[in-house]
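Trainee: I would like to go through this model and ask what stands behind each label. Can we set every value against its definition?

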Protein chains: 2
Amino acid sequence: MTDSTTPPQTPHTPTVLVVGTGAVGGFYAARLAAAGAQVSVVCRSDYATIAQQGITIHSFKFGEQHFHPYSVHEQPETFPGTPDYMLITLKVLPQIDLAAMVAPKIGPNTTLLLIQNGIEIEEKLHQAFPNTPMISALAFVCVSRTQPGHIDHLCFGHLSMGHYPPQPVQPALTQLVQLFKHAQIDAHATDNVVTARWRKLVWNAPFNGVSVLAGGLNTREIMDDAPLQQLCRDVMAEVVDLAAAAGHALADDVIEVNMQATERMQPYRTSMLLDHEAGREMEVEAIFGNALQRAQQLGRSYPHLQSFYALLRAIGRKR
Amino acid sequence: MTDSTTPPQTPHTPTVLVVGTGAVGGFYAARLAAAGAQVSVVCRSDYATIAQQGITIHSFKFGEQHFHPYSVHEQPETFPGTPDYMLITLKVLPQIDLAAMVAPKIGPNTTLLLIQNGIEIEEKLHQAFPNTPMISALAFVCVSRTQPGHIDHLCFGHLSMGHYPPQPVQPALTQLVQLFKHAQIDAHATDNVVTARWRKLVWNAPFNGVSVLAGGLNTREIMDDAPLQQLCRDVMAEVVDLAAAAGHALADDVIEVNMQATERMQPYRTSMLLDHEAGREMEVEAIFGNALQRAQQLGRSYPHLQSFYALLRAIGRKR
C-alpha cells in the first residue's frame, strides 16, 4: 500500500504543529502529511536527526514511509505564525506546563487536538484557553520509537475523538475525522470523549499496571496466569464502578469485551512497561492519580487502584 | 561480649542437627553450640566451605564468632544416629518435601524445632510424624549470609516458640527456652504459636510485599512515602481481619504497634527483598499463599493479599 498524495477536499491546506514528536506524534504527523496537510513538528531529544533526515516509519499497514516535516523545531516558539491544528502528543506528566508551552502559538484560527493517554487530562488546558476549540482523542495504536527518527508501527491505529467539553459532533470535528480518514486512519467521532477515556481506562489501568508490577510481562503472559488475569478483572471492576460513580456508566459487558479482545491480541508490551524498561517516566498520574483524585472527591476507595498508584509511583521515583 | 562456653545444666549434652544452614540456621546453630550443645549441620550450597572452615559470624551483639560444627553433612542421611533436636531452618518452598528429607533421622528421642517464616507451615510435618514432639518458633532477627560460611548479624535475635499443635507450655519447651537463654538468645515460650505466626504476618505481609513490588525499598523508604505507608496499613488490616476470622483475634493496637516499631527500626531490607535481589526463590506461598488458602476456606476476599500474591508469584517465576 502506498501513500495517497492527493490533498483532501478542504478549502485550504491545513497547517499542523505537532508538539511532542515521539512514536505516537511522529506516526500521526506522517499520516496527516500523507493526506496533504502542511505538518511541522516540535521535538526535543530527536531534533538533530529529524531536522536532518526526517522520520522513517516501518508500518505493518503502510509499509516503509518517509516523512519530511515542513519545518522542525526544538520549541513551539520558533514556528512562524499560528497553526490550524496544534496536535499535542506529549506524554502526560505533572511537571510539564503544557499551557505555558503552547500559549504563544495559539491563534484565533487554532484548534487544539490532544492525542494523549489517561483521564481528566483536558481540563487544565481548557481552563487556560477557554475560547480555543479543543478536540480530545484516544489513540488505539501500537507504535514504538526504535531509534532517533525511526518508528515501528506494529498494529491498530484508529482514533476516537470528540469535543472537549463534550458536546454533539460539530462540523469542525467531522472535517478532522475526514482528514484522518483521507490519511487512511480509521477515525471515529464520539459525542462524549470523557466517557470514552473512562472506557479506555478499563483496559489501560490493569494491563499497564500489572505489566510493570509483575516484573515485565506482555499481555499474553498476563492472560496465561490465572491469578494475574483475575487481578486484571478486579482492577477493571474498580474502574467500571468508579466511572459509573463519576457519571460515565459503561456497557455491562465492557470487562468481558476487553478481556476477549486482549485474549485475541498479539503479545503486547504496554506503553507503561516500555517506558519503564527504557528508563523513561511512566504516566502514573494520568492513568492512576487522576482516577484516584476523582474517587476521593466521590468519597470512594478502590484498593487495587490505590496500591497500583502507590507502588508504580515508588518504582518511577526509584529510577 | 564473648561466648559463654559453660554447658547448660541439663542431664546430658543435647545433640542438634540443623537442616538448612543458611543465615538463620547458621546463626542459631552457633548460639546453641556456644551454649554447649553438640551441633551438626546439613548444608548444600556452602558445604565445602563450612566443612573446611566452619562458619564465621559478625554480630552486632556477640562480636566476631567462629563456629565449628560437630559434623557437616550434605544430606541428613549421613548424620549418625538420631538427634535430640532436629532444627529446621530451611526456607518454606512448595517443592521441598521436608518430611521425606528428615524422616530417616527422626528417632524416639527427637524433638522437631522449626524456625521458619510464614503461617500454617507446621501441619504437613505434624501429619507425617504425629508422635514426634514439635516446637514451632518465630525468629525476630536480621541476619544475612555475606559469602559462603559468613553471616552478618545486624539486629534483634529473639525467638518466640510454642508447641505444635498449640498447648500450654510443657517442661520440654521450658528446657529449650532455657538452652537458648543460656546461649544469650532472648527466647520466650508462648501458649499459642499459631496465633503468634498470624501476629508476625501482620508485619511480614506488607513489608515483604511492598519492599519487592515498589522496586526494592527498605523499611525507611517505605515509611517515608505516605501512599506506601498507607498501603502497608491497609495490608495489615486485611491480615488482622483474616486472623480474627481464622480464630486468632489480635490486639486492637497491633497495627499501630507494628508501624511504630518499624518507624524506630534501622532501615531494613526484608528477607523477601534480599531473596529477590540475590535471584533466590521468595517465600510467596508461606507468607501469602497459605493465608489466601485460609481466606478461601472462610469465603473471604482480601484484595491486597490477592494482588500481592499474584504479582509476587509472577515476579518469582520471571527470575
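**Labels and cut-offs**

Mentor: Not counting residues up to four places away in sequence, Val284(A) touches Met272(A), Gly289(A), Tyr309(A), Leu312(A) and Arg313(A). Contact here means heavy atoms within 4.5 Å. The model is predicted, so local features need pLDDT of at least 70 and side-chain atom pairs count only at pLDDT 80 or more, while totals for chains, interfaces and linings use all residues. Residues are numbered from 1 along each chain as its sequence is written, chains are lettered from A and ligands numbered from 1 in the order in which they are written, and side-chain values use heavy atoms, with hydrogens and water left out.

Trainee: Why is Val284(A) called buried?

Mentor: The label buried means under 20% relative accessible area, exposed means over 50%, and partly exposed lies in between (1.4 Å probe, protein chains only). Val284(A) has a relative accessible area of 7%, so it counts as buried. Val284(A) belongs to helix α11 (residues 284–297) of chain A. Its C-alpha atom is separated by 9.5 Å from that of Pro94(A), 190 residues apart along the chain.

Trainee: What covers the buried residues of α8(B)?

Mentor: The cover includes α12 (303–318) of chain A, together with α6 (193–213), α7 (219–223), α9 (254–264), α11 (284–297) and α12 of chain B. Among the buried residues of α8(B) are Leu228(B), Leu231(B), Val235(B) and Leu242(B).

Trainee: Which residues touch the most other members of the largest nonpolar core?

Mentor: A nonpolar core is a set of buried Ala, Val, Leu, Ile, Met, Phe, Trp, Tyr and Cys residues joined through side-chain atoms within 4.5 Å. The largest such core has 139 residues, and Leu125(A), Leu228(A), Leu125(B), Trp198(B) and Leu228(B) touch the most other members. Leaving aside neighbours within four places in sequence, Leu125(B) is in contact with residues including Ile88(B), Leu98(B), Val102(B) and Met134(B).

Trainee: How do you know that the two copies are related as by a two-fold rotation axis?

Mentor: Copies are superposed by least squares on the C-alpha atoms of residues with pLDDT of at least 70 in both. Chain B goes onto chain A with an RMSD of 0.0 Å, by a turn of 180 degrees and a shift of 0.0 Å along the axis. The two copies are thus related as by a two-fold rotation axis. In the interface, 100% of the interface residues of chain B are also interface residues in chain A, so the copies meet through the same surface. The contact takes 22 residues from chain B and 22 residues from chain A.

Trainee: What makes the pair Asp225(A) and Arg317(B) a salt bridge?

Mentor: A salt bridge is a side-chain nitrogen of Lys or Arg within 4 Å of a carboxyl oxygen of Asp or Glu. For Asp225(A) and Arg317(B) the N to O distance is 2.2 Å, so the pair meets the rule.

Trainee: Which parts of chain B does the pair Asp275(B) and Lys91(B) tie together?

Mentor: The side chains of Asp275(B) and Lys91(B) meet in a salt bridge at 3.3 Å, N to O. Asp275(B) lies in helix α10 (residues 271–277) and Lys91(B) in the loop between β6 (85–88) and α3 (98–102) of chain B, so the pair ties together parts that are 184 residues apart in sequence. Asp275(B), at 8% relative accessible area, is buried, whereas Lys91(B), at 24%, counts as partly exposed.

Trainee: Why does Glu120(B) count as partly exposed?

Mentor: Its relative accessibility is 32%, so it gets that label. Phi of Glu120(B) is near 55 degrees, a positive value in a residue other than glycine. The side chains of Glu120(B) and Arg294(B) meet in a salt bridge (3.2 Å, N to O).

Notes: Helices (H or I, at least four residues) and strands (E, at least two) are DSSP runs, numbered from the N terminus.
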